[in-house]
Amino acid sequence: MVCIRQATAEDLLQMQTTNLWCLPENYQMKYYMYHQLSWPQLLHVAENHKGQIVGYVLAKMEEDADVPHGHITSLAVAKTNRKCGIATKLMKMAHARMAESFNAEYCSLHVRYTNRAAYHLYSQTLGYEITDIERGYYADGEDAYAMRCNFSKEKSGNKPVDGDDSAKSADEVTAGVDSLSLNSQSEKSAAPKEISTGSK
């Protein structure tokens, strides 16, 4: 049994530990604290019956943006708890809070070019579309897909609007994308390379 709830300051250490075990993009504790202090509504965790954090979403609002929108900094789910819909629930909770608390119109994220499992989650399950490809985005030089989920489309069943060709398919941009990995570019330098995975 896993419950999804808003994260608290007491959860940050377990969130960081989950990140280190799951993702290649890692962050210092001060960055988790920055998110917690700035956008507490947007941090959520998946907690099992033992009180252990087995997944989290770290999200924020993009400051000084012309159009209010959120960004997924990092999403991770422990390997033992994958294939259970946890990542989807975490993402949808973050989306809902962005819209309710900040009137966000959409959410953006980056995903590794080789991370096909994450790409499938974002594009097929959550309705994200590729808006660009950023060469050498990650610290190891790997490219990233820049993706966006418009909340108006999400509410209407993730169906694209006729005539909307602003987003490209994976095949149009380039093919490729393995295990839930994401990381926010603003933190490229903040991540020590240990046992990891993340979202820029």
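Of the 200 residues in the chain, 51% are buried, where buried means under 20% relative accessible area, exposed means over 50%, and partly exposed covers what lies in between (1.4 Å probe, protein chains only). The model is a predicted one, in which local features need pLDDT of at least 70 and side-chain atom pairs count only at pLDDT 80 or more, while totals for chains, interfaces and linings use all residues. Residues are numbered from 1 along each chain as its sequence is written, and side-chain values use heavy atoms, with hydrogens and water left out.

Confidence comes next. The pLDDT, which is the predictor's confidence in each residue on a scale from 0 to 100, averages 83 over the chain, and 76% of the residues score at least 70.

The overall plan can be read along the sequence. The chain has six helices and seven strands, taken as DSSP runs (H or I of at least four residues for helices, E of at least two for strands) and numbered from the N terminus. Seven strands form an open sheet with mixed pairing, in the order 1-2-3-4-5-7-6; two strands pair if DSSP finds at least two bridges between them. Strand 1 (2-6) and strand 6 (129-134) stand at the edges with a single partner strand each, so one side of each is left without a neighbour in the sheet. On average, neighbouring strands of this sheet are turned by 25 degrees against each other, direction ignored; axes are lines fitted to C-alpha atoms, for helices over the stretch in contact, and angles run from 0 to 180 degrees between N-to-C directions.

Nine of the nine residues in strand 4 are buried. On one side, strand 4 is joined to strand 3 (residues 53-61) by seven bridges, and these two strands run antiparallel. Within this pairing, alanine 59 stands opposite isoleucine 72 of strand 4. Strand 4 is also joined to strand 5 (residues 106-112), here by three bridges and in a parallel arrangement. Glycine 70 has cysteine 107 of strand 5 as its bridge partner, and histidine 71 has serine 108 of strand 5. Helix 2 (residues 29-38) lies across strand 3 and strand 4, running at about 65 degrees to strand 3.

Strand 4, helix 3 (residues 86-102) and strand 5 make a right-handed β-α-β unit; right-handed here means that, with the strands pointing away from the viewer, the path from the first strand over the helix to the second runs clockwise. The loop between strand 4 and helix 3 contains lysine 83, which has a positive phi of about 65 degrees although it is not a glycine. Lysine 83 is exposed, with a relative accessible area of 88%. In the loop between helix 3 and strand 5 lies asparagine 103, another residue other than glycine with a positive phi, near 55 degrees. Asparagine 103 is exposed as well, at a relative accessible area of 58%.

Within helix 3 itself, threonine 88 has 15% relative accessibility and therefore counts as buried. Not counting residues up to four places away in sequence, threonine 88 touches Leu121, Thr125 and Leu126. The buried residues of helix 4 (residues 116-125) are Ala118, Tyr119, Leu121, Tyr122 and Ser123. After helix 4 comes glycine 127, with a positive phi near 80 degrees.

Finally, the interior. A nonpolar core is a set of buried Ala, Val, Leu, Ile, Met, Phe, Trp, Tyr and Cys residues joined through side-chain atoms within 4.5 Å. The largest has 33 residues, of which Ile72, Leu75, Met91, Met98, Tyr122, Tyr128 and Met147 touch the most other members. Strand 3, strand 4, helix 3, strand 5, helix 4, strand 6 and strand 7 (144-150) each supply at least two residues of this core, and helix 3 gives the largest share, six residues. Another core, of 14 residues, lies apart from it and includes Leu12, Tyr31, Val45 and Leu58.

Technical notes:
Contact = heavy atoms within 4.5 Å.
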